[in-house]
Amino acid sequence: MTSTMNTTASAADATNSGAAVPIMLTELRLPTIKRLWADLAAQSNREGWPAERLLHTLLGHEMAERETRRLARARADSGLPPGKSLAEFDFAAVPAVSKAHVMALAEADSWISQGHNLLAFGPPGTGKTHLLAGIGHALIDRGLKVLFMRTSELVQRLQAARRDLRLPAELAKLDRFDLIVLDDLSYARRDQAETSVLFELIAERYERKSIAITANAPFSAWDEVFPDKAMTVAAVDRLVHHSTILEMNVDSYRRRAALPARRQRSATPTQ
Ligand code: ADP
Ligand code: MG
């Protein structure tokens, strides 16, 4: 009799607490557990799981989905071009670039923690942006924070900050990124005030936080980028001091990719 009453009471308790669970999970911001708990609890009851197993399973799902959301957010915040991953990069097209070396950089061996830089040079269309974006994506997968921007855009942003007397605050904000990829350095406008903010970014991050740069022009042409020779020398000096340089002096990938198709088309009538 007593035991029957207890059973009834605990069944009622379970029903009551079951009703409260979704509200509590919302309050605690545990959306994955909220979605899965009822099915997993039923399975657990059916299969007689120890309580630890149910708890462990639910928490494991919540943590995994939280990590997935965090990565998606970091990728969206990074501004990295989607789809330009290392898996999609054809290393055979740039024999001078070692795949093993790039893969080591993508694993964040030690260059990121030491604030070393990465510079990719070559004519347009040789895969500089794709390669550095691919490294950026890989670093995000490893939990690092990456910002990818066209150099001209970042220069404008810093210049606006300087006008409003908040350049130091803006530089400090950029400090949360382990790596800043400046795409197309050579397209920065040659304007005294604008390009000196770029120098300030380089000087600010020197030996602390990494910068990666893509550029069409070799250093000898960087007088076009910075306002005067002294600043060019100082900028190049800081960028190169601890750096990896990838020389991508090959034919345009797009042009080469188009070639076989064209050959095929022109070959067709003679066959
Ligand atoms: P760059 O920045 O040197 O001008 P991009 O990285 O923009 O060149 O490359 C131009 C196009 O060709 C992009 O669509 C890029 O994905 C593709 N591409 C270039 N090199 C490669 C490569 N080695 N493997 C795969 N795709 C490539
Ligand atoms: Mg590019």
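These legends accompany close-up views of a predicted model.

**View 1. The largest pocket and the residues at its centre.** The volume of the largest pocket is about 470 Å³. Its lining is made up of 21 residues, and Gly125, Thr126, Gly127, Lys128 and His130 are the closest to the pocket centre. Two or more lining residues come from each of two elements, helix H5 (128-141) and helix H10 (253-267).

**View 2. Residue classes in the lining of the largest pocket.** Sorted by class, the lining of the largest pocket comprises 8 nonpolar, 6 polar and 7 charged residues.

**View 3. The largest cavity.** The structure has 1 cavity of 30 Å³ or more. The volume of the largest cavity is about 30 Å³. Asn117, Ile202, Arg205, Tyr206, Lys209, Ile211 and Arg238 form its lining. Of these lining residues, 3 are nonpolar, 1 is polar and 3 are charged.

**View 4. Arginine 162 in helix H6.** Helix H6 spans residues 151-163 and includes arginine 162. The relative accessible area of arginine 162 is 26%, so the residue is classed as partly exposed, a class that lies between buried, under 20%, and exposed, over 50%. Along the chain, arginine 162 and valine 197 are 35 residues apart, while 8.0 Å separates their C-alpha atoms.

Conventions. Residues numbered from 1 in each chain as written. Chains lettered and ligands numbered in written order. Predicted model: local features only at pLDDT ≥ 70, side-chain atom pairs only at ≥ 80, totals over all residues. Heavy atoms only, no water. 1 Å grid on protein atoms, 1.4 Å probe; cavity = no way out; pocket = protein on both sides within 12 Å on 5 of 7 lines; lining within 4 Å. Points joined across faces, edges and corners; volume = space filled by probe spheres on them. Helix = DSSP H or I, 4+ residues; strand = E, 2+ residues; numbered from the N terminus. Nonpolar A, V, L, I, M, F, W, Y, C, P; charged D, E, K, R; others polar. Buried < 20%, exposed > 50% of the residue type's maximum accessible area, 1.4 Å probe, protein only.
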